[in-house]
Every structure is written in C-alpha cells, then in structure tokens.
Amino acid sequence: MKTIVFDVDDTIYDQQQPFRNAINSVFPCVKNEDMHALYIRFRFHSDETFPKVMANEWTLEYMRFYRINESLTDLNYPPVSQEDGLTFQKTYEDELDNIVMHPEVKKVFDFLKEKNIPMGIITNGPTDHQFKKVKQLQLENWVPTDNIIISQSTGFQKPEREIFDLAAKEFGMDCERTLYVGDSFENDIAGAKNGGWKSLWFNHRLRDMPADEEPYHIKEVTSFEELFPTIQSLFS
C-alpha cells in the first residue's frame, strides 16, 4: 500500500456519542439498551434516503425528519412529529460541534504523516454539514484540503464508482495501491471494490456482512485499539 483514504462518520470519530446525547435530550423515552440498535437503523435510513436528496426528490429537511422517525418506529417507538424530528436534528448538530478525533485514529494519522504517506478523505453527506466536521476534527492538519471530497459537491456518492474514480484522479493516487478505510460495508467496502481500490473494514459496530456480498476487504478491524497496529503493519 502506498496511499490511504478515510471515511469520516463513525470512522475518524465515535458518531454514536453525539447521537446518544441528542436522543437522550429530545426523546428520553428511548431505553438505553435500544440505543445501539436505534443508531444502526438511523445510519441505515441515512444511507437509504440521502440519494433522494442528491436527486432533488426530497428536501434535506424532510430526509432528516424521515430518518429519525423511521428509526424510532422500527424499534416500536411511537411516530414523532416533524417539529420534534427537526428539534432532534438541531440538537444532534449542536452535539456534533463537540466531536473530537478518537485518540487511536490520531495515532494512525500521526504515524502516516511521519511516514509521508499521502492521505485523503471521501465522505457522503451535505457539503456544509460534512465540511463543518472536517474543521471541528482539524483534519486539514493531516490531509490537504484538495484531498477532501464530500459527496454532495460532486454529484456522486459512495458506493458509486464515480466518486472513487474522481478521488483517484484528484488525489493523484494509484487505485491498486490505495487503501480505503471505512465502517460501512455497503458504502465503503463495496464502494472501494467498485473503484478498484483495496479496503479495510473498520467494523467496530460488529455489523454482519450483507448476505449477498463477498469479503472484498483485505482486513477487518473490530475496535479502535486494533486500528493503529493494523495500519502500521500495512504501511511499514
């Protein structure tokens, strides 16, 4: 491996904590034991519905209401009003203002920078929303701004091949020697395969691999603590 590109959400930082804080604040009826399952459903509905925003079929505001409402009803909680759904979104965004890079990820970034390994970012989502996270996480201390791609600004999104092809061209990277690191099998691992990239599945949420997929990734890591030694071994 010569170069490496990362996902952002729930890869560089622990996305479940701001989600948990926002749920506890706005929907205190949610049981603590349901929080992980609710978060997984929330990520599922985010991935399923954001293409409708990209295609101008839904507004971003409606998508954000829909995903939390569907996630709650999937777990047999009552439907919520659109007002409450948007209050949750506002609270969630406020919580995201406090995100920090996971210390184990910082070790990885420091190691890669010291080794002069070229790095990049590909993240799905609204441009302003995701770039705000880039700034909060101070990612430009390690990754050049020109090596950061946010899906909405391109017209493509993971797992589409086009966004990986664009990244390889813009970042000047050789697909066959580039490792993509992300937590979503459907978006990150399948997407990297579509682009002809190698991949590391950062499966710290211990999700099952989709039944109709093959293990395209070269490594699977199931905790933040495993991430640094694994990447160190691949780039040493």
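Guide: Before we start, a quick definition: helix axes here are lines fitted to C-alpha atoms over the stretch in contact, and angles run from 0 to 180 degrees between N-to-C directions. Also, this is a predicted model.

Visitor: Fine. At what angle do helix 1 and helix 2 pack?

Guide: About 110 degrees, with the axes of helix 1 (residues 16-26) and helix 2 (residues 35-54) 11 Å apart. Angles of 65 to 115 degrees count as roughly perpendicular, so that's what helix 1 and helix 2 are to each other.

Visitor: Which residues make the contact?

Guide: Helix 1 brings Gln-16, Phe-19, Arg-20, Ile-23 and Asn-24, while helix 2 brings Met-35, His-36, Leu-38, Tyr-39 and Phe-42.

Visitor: And how many of those are nonpolar, polar or charged?

Guide: Six are nonpolar, three polar and one charged.

Visitor: Which residues sit on which side?

Guide: Met-119, Ile-121 and Thr-123 are on one side, Gly-120 and Ile-122 on the other, and both faces are covered. In a regular strand, side chains alternate between the two faces of the sheet.

Visitor: What does strand 2 pair with?

Guide: Strand 1 (residues 3-6) runs parallel to it, joined by three bridges, with Val-5 partnering Gly-120. Strand 3 (residues 148-150) is also parallel to strand 2, again through three bridges, and there Ile-122 partners Ile-149.

Visitor: How does the chain get from strand 2 to strand 3?

Guide: Through helix 6 (residues 127-136), in a right-handed β-α-β crossover.

Terms used:
Residues numbered from 1 in each chain as written. Predicted model: local features only at pLDDT ≥ 70, side-chain atom pairs only at ≥ 80, totals over all residues. Heavy atoms only, no water. Helix = DSSP H or I, 4+ residues; strand = E, 2+ residues; numbered from the N terminus. Parallel < 35°, antiparallel > 145°, perpendicular 65-115°, else oblique. Contact = heavy atoms within 4.5 Å. Nonpolar A, V, L, I, M, F, W, Y, C, P; charged D, E, K, R; others polar. Buried < 20%, exposed > 50% of the residue type's maximum accessible area, 1.4 Å probe, protein only. Pairing = 2+ DSSP bridges. Right-handed = clockwise from strand over helix to strand, strands pointing away.
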